[in-house]
Amino acid sequence: SGTVIIGESREGVIIDCTTNNVQISSSGDTAFYATGTITLTNDSAVVTGSGTSWSGNVAVGEYFMITGNDGIFPFEISSVDNNTQITLTDPYRGRPQAVGIGYAIVALNKNIYIGSLTIRRNTNKPLIFTFCRNISIVNCEIDGNNLAGDIITLDRSYNCLIKELWVHDASSTGNGILLTTSSQSSGNHKVVDSIISGCSNGIRIDASTSYNRIVNSQCEYNDVDGVSIGGGFNQVYGCNAQYNNDNGIKITGGTRHIINGCRVQYNQGDGVEIASGAGFITINANICSYNRNNGINMAGAGNSAGLNTISNNVCTDSSGGTAGQLNGIYINGTDRMIVIGNVCQNNAESGIEVGGNSDRNILTANVCHQNDEGIRIDGATELNNVVTSNIIFDNTTNEFVDNGTTTSTNNNITT
């Protein structure tokens, strides 16, 4: 804890690993204590255990966390009162009464700063942090040198900042930045003003890694996805995800993610793909253009949690990829979505298509023009969808195709 490594400048301080393999790593105590269950009261710093033996097994200054998404906010322990009671430095504020839930207590390394330097020609994973808190990596360049591994790994770590970083040239199996966990939940990291290119995924957020923010960063020319998102409550704001070999941004699962204000272009797959099982997702105010497949693909395949919102996006010029996947917005096997205020133009197939047993979706106030078809409800297995108040014009083959069952349509303008 408390380590600081600062160079004079990113260009002026270069750690060249041609002959010496260098890795910067830090790990807290990986043997966490998690016996028994606990009870918490909102606005109280007291934690009560059941089946616990805290005296002698945990210590002041270690961190307490709850199993599940709440666990990404570790609480420091101020006193170990007895085997079944500890007191935190700050009161718990969460569920009003949390009884009989899982937890973990672990010693975290913290307050590590790495800044203003370059690491080149490393054949090992350059930066790995496990069970850490408050790590800052600022104004650095890391050349992956085609290493078969991830360039930066934050594993079971919390509250870390990656800023003004240039990460590039890992192998096709190495992620630029990996936010992950193999046991307890982790997250609450921020990646800002960074460039990640030439890796497997530019940034990969695994399941149970939540409340992360990616802001004003570029993920481009990666072998798979620009950004791959699991976990929950993750946010991507104002980023460029382009020229990636699969999707610009892919949501692999989880809930309540937000993709807002991004430019997602020239990807070989979809601009934004939302995979099966993801729910309560918001995709807002993005530009999804010149992707080989769909601008936005809700790829539920009949198994999505649904309840997603796609709003105020511009989805244009999807072409050159897989037949049936060349739409501005494709709702595939997903129920109860709201698609509102989008502009879908010049796509090789439909501006908006609803297919794959998608039911009870609302399409409203969208503009679909100069596509092959404006809006398409694909087949009889699409039930009870609502298409209202859309402007549909200048499409080549059809303005509006309704092959669905009990589709509600009104106030659409077609010419």
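Predicted model: local features only at pLDDT ≥ 70, side-chain atom pairs only at ≥ 80, totals over all residues.
Close-up 1. Residues are numbered from 1 along each chain as its sequence is written, and side-chain values use heavy atoms, with hydrogens and water left out. With a relative accessible area of 0%, asparagine 291 is buried (buried means under 20% relative accessible area, exposed over 50%, and partly exposed in between, using a 1.4 Å probe and protein chains only). Leaving aside residues up to four places away in sequence, the contacts of asparagine 291 include Val264, Tyr266, Asp270, Asp317 and Ser319; a contact means heavy atoms within 4.5 Å.

**Close-up 2. Cysteines without a disulfide.** You will find zero disulfides in this structure, a disulfide being a pair of cysteine sulfur atoms within 2.5 Å. For cysteine 288, the closest cysteine sulfur belongs to cysteine 315 and is 4.6 Å away, so the two are too far apart for a bond. Cysteine 288 is buried, at a relative accessible area of 0%. Cysteine 140 is also buried, at 1%.

**Close-up 3. Lysine 250 and glutamate 273.** A salt bridge joins the side chains of lysine 250 and glutamate 273, at 3.8 Å from N to O; the term stands for a side-chain nitrogen of Lys or Arg within 4 Å of a carboxyl oxygen of Asp or Glu. Because lysine 250 belongs to strand E27 (residues 249-251) and glutamate 273 to strand E30 (residues 272-275), the pair ties together parts that are 23 residues apart in sequence. Lysine 250 is partly exposed at 22% relative accessibility, whereas glutamate 273 is buried at 14%.

**Close-up 4. Two arginine–aspartate pairs.** The structure holds seven salt bridges, and two of them are the topic here. Arginine 204 and aspartate 206 meet through their side chains in a salt bridge of 2.6 Å, N to O. Aspartate 206 counts as buried, with 14% relative accessibility, while arginine 204 counts as partly exposed, with 32%. In the other pair, arginine 156 forms a salt bridge with aspartate 155, and their closest N and O atoms are 2.9 Å apart. Both arginine 156 and aspartate 155 are buried.

Technical notes:
Helix = DSSP H or I, 4+ residues; strand = E, 2+ residues; numbered from the N terminus.
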